[in-house]
Amino acid sequence: GVYPANLVHSVITDDAAERAYLSHWDLGTVILDISRPARPRYLGRTRLPAGEPQGDAHSAALTRGGRLLIETHETVVGRPTLFDVSNPRRPMRVATIRLPEADEAPKPHAPYYEHSVHDPKVLGDHAYFSWYREGIVVADISRPAKPKIVARFVPPAAPDPTGDTCRGDGGSCAF
């Protein structure tokens with residue numbers, strides 16, 4: 001990834017709190033069996049296919065039943081990736097959700113993550129993403145191999161008085 005690191009950024013569990021999913025930055029999402037909390041066991045981790053932007057696994061969400069994991073990446077071209085985790089020892093990539101506006105943004109960005117996806121949430125057959133400069137994005141994931149963007153909201157530009165996320169110049173940005 002852009003920011004090489006070996007750190008856990010965020011953690012979720014399945015509904016039964018028997019598996020933990022650690023967004024482990026450059027290691028992908030690490031899956032642990034936590035059915036015996038005093039003795040967690042490593043089960044597996046996600047890996048992206050060669051040729052896809054690697055690293056910076058930021059956050060994750062599970063669909064009902066815990067068979068589908070959505071992993072987001074905070075990289076220059078960070079996208080959500082859907083994995084079948086029904087076999088946690090061998091998570092299989094099912095699809096990647098692409099947002100043309102983010103993919104086509106001029107590079108390099110400052111900050112590097114400004115066109116990347118940040119945080120996924122799932123409700124029923126829809127995944128909701130905060131996508132930094134690209135706003136809020138909703139995808140229909142009822143057919144996981146063919147996710148489809150169905151809605152998007154980009155708020156109006158607003159001042160960034162601290163310069164934390166808008167090129168450090170204190171100017172306006174759309175997130």
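Buried means under 20% relative accessible area, exposed means over 50%, and partly exposed lies in between, with a 1.4 Å probe and protein chains only. The model is predicted, so local features need pLDDT of at least 70 and side-chain atom pairs count only at pLDDT 80 or more, whereas totals for chains, interfaces and linings use all residues. Residues are numbered from 1 along each chain as its sequence is written, and side-chain values use heavy atoms, with hydrogens and water left out.

**View A. Thr63 in the loop between β5 and β6.**
With a relative accessible area of 14%, Thr63 is buried. Leaving aside neighbours within four places in sequence, Thr63 is in contact with Leu68, Val122 and Ile141, where contact means heavy atoms within 4.5 Å.

**View B. The largest nonpolar core, with 13 residues.**
A nonpolar core is a set of buried Ala, Val, Leu, Ile, Met, Phe, Trp, Tyr and Cys residues joined through side-chain atoms within 4.5 Å. Those with the most contacts inside this core are Ile70, Leu82, Ile97, Phe129, Trp131 and Ile141, and the elements that give two or more residues to the core are β6 (68–73), β10 (126–130) and β11 (136–140). A second, separate core of 9 residues includes Tyr21, Leu43, Leu48 and Leu62.

**View C. The surroundings of Phe129.**
Not counting residues up to four places away in sequence, Phe129 touches Ile70, Thr72, Pro80, Ile97, Val117, Asp119, Pro120, Gly135, Ile136, Val137 and Ala139.

**View D. An open sheet of 4 strands in the order β9-β10-β11-β12.**
The pairing in this sheet is antiparallel, and two strands count as paired if DSSP finds at least two bridges between them. Because β9 (119–123) and β12 (148–153) stand at the edges with a single partner strand each, one side of each is left without a neighbour in the sheet. Neighbouring strands are turned by 20 degrees against each other on average, direction ignored, with axes taken as lines fitted to C-alpha atoms. Between β9 and β10 there are 5 bridges, and Asp119 stands opposite Ser130 in β10.

**View E. Asp33 in strand β3 (residues 29–33).**
Asp33 is buried, its relative accessible area being 15%. The side chains of Asp33 and Ser35 are joined by a polar contact of 2.7 Å, that is, a pair of N or O atoms within 3.5 Å of which, within protein, one must be able to donate a hydrogen and the other to accept it, residues adjacent in sequence counting only if both atoms are side-chain atoms. Apart from residues up to four places away in sequence, Asp33 touches Glu18, Arg39, Pro40, Arg41 and Leu43.

Notes:
Axes fitted to C-alpha atoms, helices over the stretch in contact; angles between N-to-C directions.
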